[in-house]
Amino acid sequence: LISLQAIYVMDACGRIFMTYHHEVGLFHHSSFLSGGPISAAGEMLVVDGRILEIDSASGHYRPPPQATEQLVHRLRILGADLSMATLNF
């Protein structure tokens, strides 16, 4: 069982940037786009390749619930299976 907590951002073009290597003081949500504007940001729990949890936890961006809804919409367009995912706004 491989369980990974990742941070992500989605830019205005719908590109999703994600990493499992986040470290306080070294790499944050704002690091992906050099602090520039985003459409969504938060964390995802991925277990054995399945997205099980999506939230909007980002201290820098503090995204509203609509941002996470945009991310979910984009993931579905890309074919992601979110049938087991819990959304935490």
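Author: With neighbours within four places in sequence set aside, Ala40 is in contact with Tyr8, Val9, Met10, Ala67 and Leu71.

Ala40 belongs to the largest nonpolar core, which has twelve residues. Of the contacts of Ala40, Tyr8, Met10, Ala67 and Leu71 are also members of this core. The other members include Met44, Val46, Ile51 and Ile54, together with Val72, Leu75 and Leu82. At least two residues come from each of strand 1 (3-10), strand 3 (40-47), strand 4 (50-55) and helix 2 (65-77). Helix 2 makes the greatest contribution, four residues.

Val9, although in contact with Ala40, is placed in a second, separate core of five residues. Among the other members of that second core are Phe32, Ala41 and Tyr61.

Phe32 leads on to the aromatic rings. Two aromatic pairs are counted. In one of them, Phe17 and Phe32 lie 6.3 Å apart, centre to centre, with 40° between their planes, and the pair is tilted. The partners come from distant parts of the chain, 15 residues apart: Phe17 is in strand 2 (residues 16-19) and Phe32 in helix 1 (residues 29-32). Phe32 has a relative accessible area of 18%, so it falls under the 20% cut-off and counts as buried. Phe17, at 27%, is partly exposed.

The other pair joins Phe27 to Phe32 in an edge-to-face arrangement, with 5.1 Å between the centres and 90° between the planes. Phe27 is partly exposed, its relative accessibility being 29%. Phe17, Phe27 and Phe32 make up one aromatic cluster.

As for confidence, the mean pLDDT of the chain is 90, and 94% of residues reach at least 70. Helix 2 has the highest confidence, at a mean of 95, and strand 1 the lowest, at 87. Where pLDDT is low, predicted coordinates should not be read in detail.

Notes
Residues are numbered from 1 along each chain as its sequence is written. This is a predicted model: local features need pLDDT of at least 70, side-chain atom pairs count only at pLDDT 80 or more; totals for chains, interfaces and linings use all residues. Side-chain values use heavy atoms; hydrogens and water are left out. Rings of Phe, Tyr and Trp (its six-membered ring) pair if their centres lie within 6.5 Å; planes under 30 degrees apart count as stacked, over 60 as edge-to-face and the rest as tilted. Buried means under 20% relative accessible area, exposed over 50%, partly exposed in between (1.4 Å probe, protein chains only). A nonpolar core is a set of buried Ala, Val, Leu, Ile, Met, Phe, Trp, Tyr and Cys residues joined through side-chain atoms within 4.5 Å. Contact means heavy atoms within 4.5 Å. pLDDT is the predictor's confidence in each residue, from 0 to 100.
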